[in-house]
Amino acid sequence: MPTRIAIIPARSGSIRIKDKNTKDFHGKPLISYCLSEIKKSKMFDKIHISTDSNKIVNLAKKINIKTDFLRTKKLSQDKASIQEIIEFVIAKYSSAGLNFDEVWLFFATNPFINTNIIEKAYSIYLKNKKKYSIITVTKYNYPIEWSGFIKNKKLKPIFPKLISKDSKKTYKALCDAGMLVIYQR
């Protein structure tokens, strides 16, 4: 039977939305939705919240999730990558004699994650014989060819030659849904 770890990055110093992981969302801290569903799935041998925040550690305790160690100051900075965080967590557990066959990454700020999505992702992972990493995706609302950006307070098309392309002839583009990733090991 494979050993699985769920890693949930949740640092305290959010730039765009202050304290986003602990913001109240329909009466509960945002991170608690994700943590509750991961716990409810009963699929993980270890659930690790990668954080530098005692407030987040205490929220996790209320859901009976123990945080074994905190994130380093360097990994709590805005420039730290998800890859660095995962490698740190895996190395820390490995040095304590805990190794995992499967590494799952969950995003703390997506309240729509649920056990059905977790189970479906795992089913897809198994169908692919664990050969490929799995990531949740969603469709863009509009053709990506019509996308734009702001420059000098004006909306500019990213693809000027494609802006008038008929929507029936555009790509059905997908993007990261911000829920979970199962990493190939």
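Biologist: What is the volume of the largest pocket?

Modeller: Rolling a probe the size of a water molecule over the atoms shows where empty space is left. In this predicted model, the largest pocket has a volume of about 540 Å³. A pocket is an open set of points on a 1 Å grid over the protein atoms alone, with protein on both sides within 12 Å along at least five of seven lines, and lining residues have an atom within 4 Å of a point. Points are joined across faces, edges and corners, and the volume is the space filled by probe spheres set on them.

Biologist: Which residues of the lining are the closest to the centre of the largest pocket?

Modeller: They are Pro-9, Arg-11, Arg-16, Lys-20 and Ile-82, out of 22 lining residues. Two elements, α3 and β9, each contribute two or more residues to the lining. Helices (H or I, at least four residues) and strands (E, at least two) are DSSP runs numbered from the N terminus. As this is a predicted model, local features need pLDDT of at least 70 and side-chain atom pairs count only at pLDDT 80 or more, whereas totals for chains, interfaces and linings use all residues. Residues are numbered from 1 along each chain as its sequence is written, and side-chain values use heavy atoms, with hydrogens and water left out.

Biologist: Is Arg-11 buried or exposed?

Modeller: Buried means under 20% relative accessible area, exposed over 50%, and partly exposed in between (1.4 Å probe, protein chains only). Arg-11 has a relative accessible area of 16% and is therefore buried. Arg-11 belongs to the loop between β1 (4-9) and β2 (24-25). Its side chain comes to 3.2 Å from the backbone oxygen of Ser-76. Beyond four places in sequence, the residues that Arg-11 touches include Asn-21, Asp-52, Arg-71 and Asp-78; contact means heavy atoms within 4.5 Å.

Biologist: In what order do the strands of the open sheet stand?

Modeller: Two strands pair if DSSP finds at least two bridges between them. The five strands follow the order β4-β1-β5-β9-β6, with mixed pairing. At the edges stand β4 (46-50) and β6 (134-139); each has a single partner strand, so one side of each lacks a neighbour in the sheet. From one strand to the next, the twist averages 25°. β1 and β4 run parallel and are joined by five bridges, and Ile-5 has Lys-46 in β4 as its bridge partner.

Biologist: Which helix lies across β1, β4, β5 and β9?

Modeller: Helix α3 (residues 82-95) does so, running at about 135° to β1. Axes are lines fitted to C-alpha atoms, for helices over the stretch in contact, and angles run from 0 to 180 degrees between N-to-C directions. The loop between α3 and β5 holds Phe-100. Phe-100 counts as buried because its relative accessibility is 8%. Although 95 residues separate Phe-100 from Ile-5 along the chain, their C-alpha atoms are 6.4 Å apart. Among the contacts of Phe-100 outside four places in sequence are Ile-5, Lys-46, Ile-90 and Tyr-93.

Biologist: How many residues of helix α1 are buried?

Modeller: Nine of the 12 residues in α1 (residues 30-41) are buried, and the helix is mostly covered. Among them are Leu-30, Tyr-33, Glu-37 and Ser-41.

Biologist: Which strands form a hairpin with two residues between them?

Modeller: β7 and β8 do, and Asn-152 in the turn has a positive phi of about 55°. β7 (residues 148-151) and β8 (residues 154-157) pair in the antiparallel sense over four bridges. Lys-151 is bridged to Lys-154 in β8, while Ile-150 stands opposite Leu-155.

Notes: A polar contact is a pair of N or O atoms within 3.5 Å; within protein, one must be able to donate a hydrogen and the other to accept it, and residues adjacent in sequence count only if both atoms are side-chain atoms. On a 1 Å grid over the protein atoms alone, a cavity is a set of points where a 1.4 Å probe fits but cannot get out, and a pocket is an open set with protein on both sides within 12 Å along at least five of seven lines; lining residues have an atom within 4 Å of a point.
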